[in-house]
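Q: Please take a close look at one part of this model. Pick a single strand and describe its setting.

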Amino acid sequence: MKRIIVPIFMSLILLLMPVLAEAHPERTDASGGHYCRTNCAKWGLEDGEYHYHNGGSSNSKPAATAKPAVKPTAKPTAKPTATPAPALLLPKKQNVGTLQVYFFDVGQGDSTLIRTPNNQYVLIDGGNNDQGKNVVKFLDALGVKTLDALVATHPDADHIGGLDDVLKALDVKSVYAPKVSHTTETYKDFLTAVKNEGRTIKGVTKGVTIPLTGVEAEFLAPIRTYWDNLNEWSAVLKVTYKNKSFLFTGDAEKASENDMLADGMNLKADVLKVGHHGSSSSTSKAFLDAVKPQYAVISVGKNNYGHPDSGILTRLKNANTSVLRTDQQGTITAISDGNKITFTTTKGVK
């Protein structure tokens with residue numbers, strides 16, 4: 001019997017093979033099905049339809065072999081708009097007849113303008129190279145055309161970098177700086193700008209004064225030679241108007257602070273421009289105890305140095321000193337009639 005059935009079965013397969021091949025040219029895949037390529041309608045299938053041997057079919061390809069649909073990329077209808085740079089917050093010019101001190105917001109750097117009651121102007125430092133044009137804009141907004149004095153506290157770029165722009169843009173009557181040099185291109189640019197302005201640099205040491213009407217401006221440091229420590233060379237200026245005074249310390253550190261303390265000079269000031277952006281290398285407890293400031297201004301921006309140091313902030317707080325910071329409040333303006341001091345800022349008080 002077996003010998004009869006087997007030949008018959010094989011004959012049926014041979015008869016069906018052309019038809020099967022005609023409709024199902026591909027081999028069965030791992031999912032148990034295949035695609036219809038030719039004569040699909042004859043088998044009730046659509047061209048390219050995937051189906052299984054048990055008759056079930058699917059118009060979608062199996063997950064394992066499915067190709068993701070690719071949507072045509074739409075052409076942009078307009079060019080992407082660039083994010084505009086934040087507007088520069090300019091300080092407001094105050095009424096004449098008061099002493100005004102503008103601590104400019106120049107990021108991680110220093111730049112301070114003093115306007116006397118008799119409308120004389122002193123600029124201390126000019127921020128970094130990329131801040132020079134901003135400093136000029138600040139000065140222009142305040143109506144400054146001529147500087148009676150320009151002070152470069154020391155050769156560090158974040159203090160003198162923008163001064164060449166200032167020298168090119170304004171008439172500068174006198175330039176003051178400590179007797180220390182540097183080899184950087186930034187410092188050379190500063191020297192070149194001074195020369196092109198037709199000025200020479202007046203050396204700063206203890207006791208040198210800036211001639212101003214109705215206001216005292218005396219340098220308290222540097223007192224001695226500090227070799228290659230540029231921060232210690234910082235020109236420290238004390239400005240007094242009637243009963244109120246300001247102390248501008250540049251980046252002076254503890255060695256210079258100790259020298260001023262040992263000299264026995266009067267360091268008392270109502271407003272302290274905190275040394276070295278609030279670094280722990282400055283504003284020692286002994287120095288702060290001698291200054292006894294009611295207010296402290298920290299000129300600082302985003303940085304990787306840890307400025308201002310948390311220990312210095314705590315020290316100022318323990319001394320009952322109110323702290324203002326340019327990174328938080330923008331340009332800070334102190335206004336004094338000689339008996340009291342008020343403040344205004346471009347970003348508001350925190």
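A: What follows looks at one strand and its partners, then at a few loops and a helix.

This is a predicted model. The strand is E18, residues 332–336. E18 is mostly covered: five of its five residues are buried. Ile332, Ala334 and Ser336 point one way. Thr333 and Ile335 point the other way. Both sets are buried.

E18 has a pairing with strand E4, residues 99–103. The sense is antiparallel, over five bridges. Here Val101 stands opposite Ala334.

E18 also pairs with strand E19, residues 341–345. These two run antiparallel as well, joined by five bridges. E18 and E19 form a hairpin with four residues between the strands. Gly338 in this hairpin takes a positive phi near 100°.

Next, helix H8, residues 310–318. At its start, a side-chain oxygen of Asp309 comes within 2.8 Å of the backbone nitrogen of Gly311. Pro308 sits in the loop between strand E16 and H8. The peptide bond from His307 to Pro308 is cis, with omega near -5°. Just after H8, Asn320 takes a positive phi of about 60°.

Last, the loop between strands E12 and E13. Pro222 lies in this loop, and the Ala221 to Pro222 peptide bond is cis, with omega near 10°. Trp227 is found in the loop between E12 and E13 too. Its phi is positive, near 55°, and it is not a glycine. Trp227 counts as exposed because its relative accessibility is 72%, and the cut-off for exposed is over 50%.

Technical notes
Residues are numbered from 1 along each chain as its sequence is written. This is a predicted model: local features need pLDDT of at least 70, side-chain atom pairs count only at pLDDT 80 or more; totals for chains, interfaces and linings use all residues. Side-chain values use heavy atoms; hydrogens and water are left out. Buried means under 20% relative accessible area, exposed over 50%, partly exposed in between (1.4 Å probe, protein chains only). Two strands pair if DSSP finds at least two bridges between them. A polar contact is a pair of N or O atoms within 3.5 Å; within protein, one must be able to donate a hydrogen and the other to accept it, and residues adjacent in sequence count only if both atoms are side-chain atoms.
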